[in-house]
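Here are my notes on the model you sent over.

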Amino acid sequence: EDKVRVSEVRFRRLFETAHDGVLLLDPGTRKITDANPFMTQLLGYSHDQLVGKESFEIGLLKDEAASREMFQKLKRKHEVRYEDLPLETKEGRPIAVEFICKVYRVKHHKVIQCNIRDITERKVIAEALQQAHNELEQRVEERTVELRTALSEIKTLKDQLEAENIYFREETKLKGHFVNIIGQSDGLK
């Protein structure tokens with residue numbers, strides 16, 4: 001009995017101090033039977049306001065049909081996982097959460113535990129990073145076009161310079177030949 005009490009205290013403390021929201025649900029009624037303090041703080045509900053409600057009533061899985069579908073999947077697979085689920089707080093502020101529900105047994109009774117992690121900040125950072133990446137890609141593309149244009153202009157100028165160089169070489173060769181001079185004097189020769 002002492003070991004059981006120590007174990008219960010230990011797990012109650014873990015439940016109460018977890019930095020993820022935790023909901024315990026009754027598999028038969030699908031109603032919330034317990035919620036940890038982090039969950040109440042995350043959603044803005046008191047513990048008493050959460051207990052007895054269904055998940056869709058607190059802005060999770062938005063409607064009853066989605067909630068039923070999730071519970072059907074939970075019955076079949078004993079686990080449901082959503083990587084990015086929209087959720088609303090009591091005040092209507094939208095947040096993004098990672099949602100994991102599992103079914104397990106406690107003294108021959110089934111219990112559903114849902115862990116909910118707020119990923120709003122991570123999602124905002126990822127979106128900002130993606131936007132910065134897209135802007136950088138656009139800048140690189142613009143600079144590439146500018147460089148290609150500059151290289152084309154340089155090639156044109158190079159070709160023109162080579163043509164002028166050939167012309168001036170021919171002119172220089174012709175300047176050394178005095179073919180049109182008429183006369184036989186020593187000075188002219």
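Predicted model: local features only at pLDDT ≥ 70, side-chain atom pairs only at ≥ 80, totals over all residues.

1. Is Y82 buried, exposed or partly exposed? It counts as partly exposed, because its relative accessibility is 22% and the buried class stops at under 20%. Have a look at K73 too: this lysine lies over the face of Y82, at 6.0 Å from the ring centre.

2. Y82 also has an aromatic partner, F99. Their ring centres are 5.8 Å apart with 40° between the planes, and the pair is tilted. Y82 sits in strand 3 and F99 in strand 4, so the pair links distant parts of the chain, 17 residues apart. On the F99 side the ring is buried, with a relative accessible area of 0%.

3. How many aromatic pairs does a search of the whole structure find? Two. The pair of Y167 and F168 is edge-to-face, because the planes meet at 65° and anything over 60 falls in that class. The centres of these two rings are 5.6 Å apart. Y167 comes out as partly exposed, at 48% relative accessibility.

4. Now the largest nonpolar core, which has 24 residues. F99 turns up again here: along with L23, I58, L60 and I116, F99 touches the most other members. Strand 4 gives the most to this core, with four residues. Other elements that give two or more include strand 1 (21-25), helix 2 (37-43) and helix 4 (64-77). As background, nonpolar side chains in soluble globular proteins tend to be buried together.

5. Setting aside neighbours within four places in sequence, L23 is in contact with residues including I32, M39, I58, L60, C114 and I116. The contacts of L23 also take in D34 and Q113.

6. That brings us to C114, which is joined to C101 by a disulfide with an S to S distance of 1.9 Å. The structure holds one disulfide. C101 is in strand 4 (residues 94-106) and C114 in strand 5 (residues 109-118), 13 residues apart. The disulfide is right-handed, because the torsion about the S-S bond is about 70°. Both ends are buried: C101 has 0% relative accessibility, and C114 has a relative accessible area of 1%.

7. Last, go to helix 5 (residues 120-175), where you'll find K155. K155 counts as exposed, at 51% relative accessibility. The C-alpha atoms of K155 and S67 are separated by 66 Å, and the two residues are 88 apart along the chain.

Note on methods
Residues numbered from 1 in each chain as written. Heavy atoms only, no water. Disulfide = S-S within 2.5 Å. Buried < 20%, exposed > 50% of the residue type's maximum accessible area, 1.4 Å probe, protein only. Core = buried A, V, L, I, M, F, W, Y, C linked by side-chain atoms within 4.5 Å. Contact = heavy atoms within 4.5 Å. Phe/Tyr/Trp six-rings, centres within 6.5 Å; stacked < 30°, edge-to-face > 60°. Lys NZ or Arg CZ within 6 Å of the ring centre and 35° of its normal.
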